[in-house]
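Work through the exercises below with the sequence and the 3D structure at hand. Try each task before reading its solution.

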Amino acid sequence: MLYEKRAGVPQFEAFEYTDKSKNYVLLIPIINEGERIHNELKRALDSRVSDYADIVICDGGSTDGSTDEETLKKYNVNTLLVKRDTGKQGAQLRMGIWWAIERGYDGVITIDGNDKDSIEDVPKFIDKLEDGYDFVQGSRFVEGGVAINTPLIRLVSVKLIHAPIISLTARKRFTDSTNAYRAYSVRYLTDKRVEPLRDIFVTYELLAYLSVRATQIGMKACEIPVKRAYPAKGKTPTKISFFKGNFNLIKILFKNLFGAYKPK
């Protein structure tokens, strides 16, 4: 089904393989992740993630064959959403969040599709949402978390730049704020003081904003331990370029700090 562009939501197609079956949805934004997303989905299948949440791929327009329908069905993917519009990760997430709200889920979990994160931990995020938390951040740096082969530059930037600025903005300490493995209550996502469905969220702005807005408006937030493992060798799986990408990320952090993304 084709959904036309509307304010805050890009044009996209939805290929619903099965009906809504769970109260929670796992959104996985990808673009040309190849075998990485297949490996991740296989781990999800082995750990029965689809017993807890409907698995939905939020595709940015992959051309590598990784979103083949029969393959996704084999891994118990519930729905494939394909963005047919401009924008990057922020647009993919807005597409998924809008669709999830319209479909009636109670909460949304997000995770990268590059096979770095412990997708087996999805039930832990759901437990926290059911305990009344509105924002649940996965962290490899809290007790019980695991960080494997984290590149030094990323470790330094998270600990000395990103996490301190996010913590200052949120008025709550967060240790792993670049990590897209997190969960949101629909109560949080639909609050008029939040409004995540805005066209200003194109790249990484939405992740930064949603990291801080919950505690700014008095909602409950916490971190839970997860694992993030980078390959021991070869290219680091990321969509953030070393110079331009990291510079833009820092700009987003400071705009977020000074309230640029708050609803008018």
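**Exercise 1.** Find the residues that form a nonpolar patch on the surface, and state which helix gives the most to the patch.

Solution. The patch consists of Leu152, Val156, Leu160, Ile161, Ile250, Phe254 and Phe258, with about 710 Å² of accessible area together. Patch residues have over 30% relative accessible area and no salt bridge, and nonpolar side chains (Val, Leu, Ile, Met, Phe, Trp, Tyr) are joined within 5 Å, like charges within 9 Å. Two or more residues come from each of helix H5 (152-170) and helix H8 (244-257). H5 gives the most, with four residues. Isoleucine 161 lies in H5 and is partly exposed, at a relative accessible area of 34% (buried is under 20%, exposed over 50%, partly exposed in between; 1.4 Å probe, protein chains only).

The model is predicted: local features need pLDDT of at least 70, side-chain atom pairs count only at pLDDT 80 or more, and totals for chains, interfaces and linings use all residues. Residues are numbered from 1 along each chain as its sequence is written, and side-chain values use heavy atoms, without hydrogens and water.

**Exercise 2.** Which residues form a negative surface patch?

Solution. They are Asp106, Asp127, Glu130 and Asp131. Glutamate 130 is found in helix H4 (residues 122-130). Its relative accessible area is 53%, so glutamate 130 is exposed.

**Exercise 3.** Give the strand order of the open sheet and identify the edge strands.

Solution. The order of the nine strands is E1-E2-E5-E4-E3-E6-E9-E7-E10, with mixed pairing. E1 (2-3) and E10 (221-225) each have a single partner strand, so one side of each is left without a neighbour in the sheet. Two strands pair if DSSP finds at least two bridges between them.

How values were computed
Areas by Shrake-Rupley, 256 points an atom, 1.4 Å probe, with all protein chains shown as cover. Salt bridge = Lys/Arg side-chain N within 4 Å of Asp/Glu carboxyl O. Lys, Arg positive; Asp, Glu negative; His and termini not counted. Charge placed at Lys NZ, Arg CZ, Asp CG, Glu CD.
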